[in-house]
Amino acid sequence: MRMSAGRASEGAGCIAWWGFSPARNLLRLGPVTFDGEVNILLVGSGDPRHILKTIADSPDKQNLHVWVIETSMEVVARQLLLLYLTLLPQERMGINEKTEVFLELFGNGEIRSQTEETLRRAAAQLILSVTETTEEAMHACLNTTLLKFRERDELTRIFKLWLQETSPAASSPVLMSKAWDYRVRQHLGTRYDSRKGCFDWDLTMKLHEKGCGIISKQQYMRWREKGLAFEMREGIYQITNPTLLSTRVFNQQKGDKVGIRGYWGDIVSSPYLSFGVETDDRSLLKTQNGQHLKTAQDLSYANVQELFQSLSSRRGCLTALHSDPDAGKAATLSQQESPSVNDLMPLGGVSVTFLPLDSLQKLPQKQKYCHYFNTIYFSTTCVHQLGPAMRQIAAPDGVLVVELAKYVLDLNKEQEAGFAEKAASSALEAGFEPWREAGSDGVHAVFVQQKKKK
């Protein structure tokens, strides 16, 4: 079940910088309508797409608590950064610029100098946030107080690395262009010289066949070749995005281990899946002569901007007073002091709490989490952790959502079907059965607790 094992899944990488499914309001994926207080557990979601979509689509009066377990602190660091950007007050960064910067840091291996400056200032504030020793979180949506001390130290180390790697004085910076090309060569092997044909096959015979026709050939080829998914304005994208770098440990012949810093994430499925392949706005899906008029980049921009607008108009936010998204010409973050985590937009009744990496098996032993979570979400990369202990932490009407392998392009149809079967049998062992009315789209499987036989 592990996506990082073996050559076939090398395209998916061994670290999930983004998910293999579009953003969903997780509270709408089951038979129950939740009122009052709701607790959602996300295991390995990789990015904040479901968090943002679920909060944005929830009524103001909903008290929503999201609990996040990731597979590495590098992913937690990115989650915190993207949440920080999301919650920047409008007077500090206009919504158009915020959308561009968010997508750039989210899906581009290389970024513009203005974006780098924003990243540096955000990293400095995040260091202050995670080293804060009070038991109370500086912001309810960036709560790291339950992490272990060494995990918070690790976050500080990662944020400092971002600052070092974007510093002009960096001694031996990792060049994303080289790191990306190494991965492409490693993945394609002897097919590297005919890579454009391989890229085109993955797009037309896989992504387009799976319903992602909105992903344009030009943009997908550019991303596969250079790691550049979002190129939204005339700018020079040539500074390595350090948030997409991580250290991978390799075993050497003598039994020694060596850590190599590079790009070890997805190089096949694309960051367009999170925000760029679905929309409720039919006008964005218009076609002419069988060709989409808009692209996955356009859709990503429209969807992220809409999420930001919804969040800023929630109860407790005072920033949604302007009709013009960039009214008042908000100064860029690089022209002023960046806000502390304390000064980010408050989202009334909403919290996002990060749990220790190893906490999934420990939650059932804690009284607090007994029959606690209304929705439990497992990503493709973490389905192997789904076990019988889940029934102890799921609320009586709890829903289990599993991300399937539809968009893990290196798997063939039999492997994809086998993945879904394994997920269903793991869910059954945990006391969950398929929700019959879900009508599977092949992206997620939805399970409800088995009814006890009388």
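Author: Let's start with a cut-off: a residue is called buried when its relative accessible area is under 20%, exposed when over 50%, and partly exposed in between. Keep in mind that this is a predicted model. With 18% relative accessibility, E165 therefore counts as buried. E165 has a salt-bridge partner, R261, and their closest N and O atoms are 2.6 Å apart. This pair ties together distant parts of the chain, since R261 belongs to strand β6 and E165 to helix α5, 96 residues apart.

Now for D358, which makes a salt bridge with K148, with 2.6 Å between the closest N and O atoms. Here too, distant parts of the chain are linked: D358 is in the loop between β9 and β10, K148 is in the loop between α4 and α5, and 210 residues separate them. D358 is partly exposed, at 33% relative accessibility, and K148 is partly exposed at 26%. D358 also meets K362 in a salt bridge, 2.9 Å from N to O. K362 has 36% relative accessibility, so it counts as partly exposed.

D266 tells another story. It sits in the loop between β6 and α9, and it's buried but has no salt bridge. The nearest side chain of opposite charge is R183, 6.9 Å away. What the D266 side chain does reach is the backbone nitrogen of S269, at 2.8 Å. Beyond its neighbours within four places in sequence, D266 is in contact with G11, A12, I15, W18, W180 and W223.

Technical notes:
Residues are numbered from 1 along each chain as its sequence is written. This is a predicted model: local features need pLDDT of at least 70, side-chain atom pairs count only at pLDDT 80 or more; totals for chains, interfaces and linings use all residues. Side-chain values use heavy atoms; hydrogens and water are left out. Helices (H or I, at least four residues) and strands (E, at least two) are DSSP runs, numbered from the N terminus. Buried means under 20% relative accessible area, exposed over 50%, partly exposed in between (1.4 Å probe, protein chains only). Lys and Arg count as positive and Asp and Glu as negative; His and the chain ends are not counted. A salt bridge is a side-chain nitrogen of Lys or Arg within 4 Å of a carboxyl oxygen of Asp or Glu. A polar contact is a pair of N or O atoms within 3.5 Å; within protein, one must be able to donate a hydrogen and the other to accept it, and residues adjacent in sequence count only if both atoms are side-chain atoms. Contact means heavy atoms within 4.5 Å.
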